[in-house]
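Biologist: Could we go through this structure together? I would like to start with a charged residue and then move on to other topics.

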Amino acid sequence: QVQLAESGGGSVQSGGSLTLSCTASGYTNSRYCMAWFRQAPGSEREGVAGIDKDGKITYANSVKGRFTISRDKNTLNLQMNTLKSEDTATYHCAAARESIYDWCSGLTAYGMDYWGKGTLVTISS
């Protein structure tokens, strides 16, 4: 069993920066891929960024050039810069067991096996 815990959420002004972290515990595996997803009230969940077991990174078009995902052992980070009001959402980290399917590269929520509780990010204008 793997447990994921996010931290770093909060409120920030438009144009500002914020860093989210996710720590994995339990029976972790370095070959798991990991990703960030977000969901605003009344909106569908969307993938933000993912990193596979080999370090290949994928970003949603809406965050390219502004967000940076990184991974070091059992810690996943998301550096968010030039934040916009539309970035307001609850951010969840997730992980998928090794598979022939590249769930994290595809930012595919249904392929994730483990989820954190989420951390709220609020951007004010």
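Biologist: Is Arg31 buried, partly exposed or exposed?
Modeller: Please keep in mind that this is a predicted model. In it, Arg31 has a relative accessible area of 39%, so Arg31 is partly exposed.

Biologist: Which side chain does Arg31 meet in a salt bridge?
Modeller: Arg31 forms a salt bridge with Glu98, at 2.7 Å from N to O. Arg31 sits in the loop between β3 and β4, while Glu98 belongs to the loop between β9 (89–96) and β10; the pair therefore links distant parts of the chain, 67 residues apart.

Biologist: And how accessible is Glu98?
Modeller: Glu98 has 45% relative accessibility, so Glu98 counts as partly exposed.

Biologist: How many salt bridges are there by this rule?
Modeller: The count comes to seven. One of them is between Arg66 and Asp87, at 2.8 Å from N to O. Arg66 lies in the loop between β6 (57–59) and β7, and Asp87 in the loop between β8 (75–80) and β9, 21 residues apart.

Biologist: Are Arg66 and Asp87 buried or exposed?
Modeller: Both Arg66 and Asp87 are buried. They also belong to a network of salt bridges that links them with Arg38 and Glu46.

Biologist: Changing topic: how many aromatic pairs does the structure hold?
Modeller: The structure holds four aromatic pairs. In one of them, the ring centres of Tyr32 and Tyr114 are 5.9 Å apart and the planes are at 25°, so this pair is stacked. Tyr32 is in the loop between β3 (18–26) and β4 (33–39), and Tyr114 is in strand β10 (residues 114–115), so the pair ties together parts 82 residues apart in sequence.

Biologist: What about Phe37 and Trp115?
Modeller: Their ring centres are 5.1 Å apart with planes at 50°, so that pair is tilted. Phe37 lies in strand β4 and Trp115 in strand β10, so parts that are 78 residues apart in sequence are tied together.

Biologist: How accessible is Phe37?
Modeller: Phe37 is buried, because its relative accessible area is 1%. Trp115, in contrast, is partly exposed at 30%.

Biologist: Finally, what is the strand order in the open sheet of four strands?
Modeller: The order is β1-β3-β8-β7, with antiparallel pairing. The edge strands are β1 (2–7) and β7 (67–72), each of which pairs on one side only. On average, neighbouring strands of this sheet are turned by 15° against each other, direction ignored.

Biologist: How many bridges join β1 to β3?
Modeller: Six bridges join these antiparallel strands. Ser7 stands opposite Ser21 in β3.

Technical notes
Residues numbered from 1 in each chain as written. Predicted model: local features only at pLDDT ≥ 70, side-chain atom pairs only at ≥ 80, totals over all residues. Heavy atoms only, no water. Phe/Tyr/Trp six-rings, centres within 6.5 Å; stacked < 30°, edge-to-face > 60°. Helix = DSSP H or I, 4+ residues; strand = E, 2+ residues; numbered from the N terminus. Buried < 20%, exposed > 50% of the residue type's maximum accessible area, 1.4 Å probe, protein only. Pairing = 2+ DSSP bridges. Axes fitted to C-alpha atoms, helices over the stretch in contact; angles between N-to-C directions. Salt bridge = Lys/Arg side-chain N within 4 Å of Asp/Glu carboxyl O.
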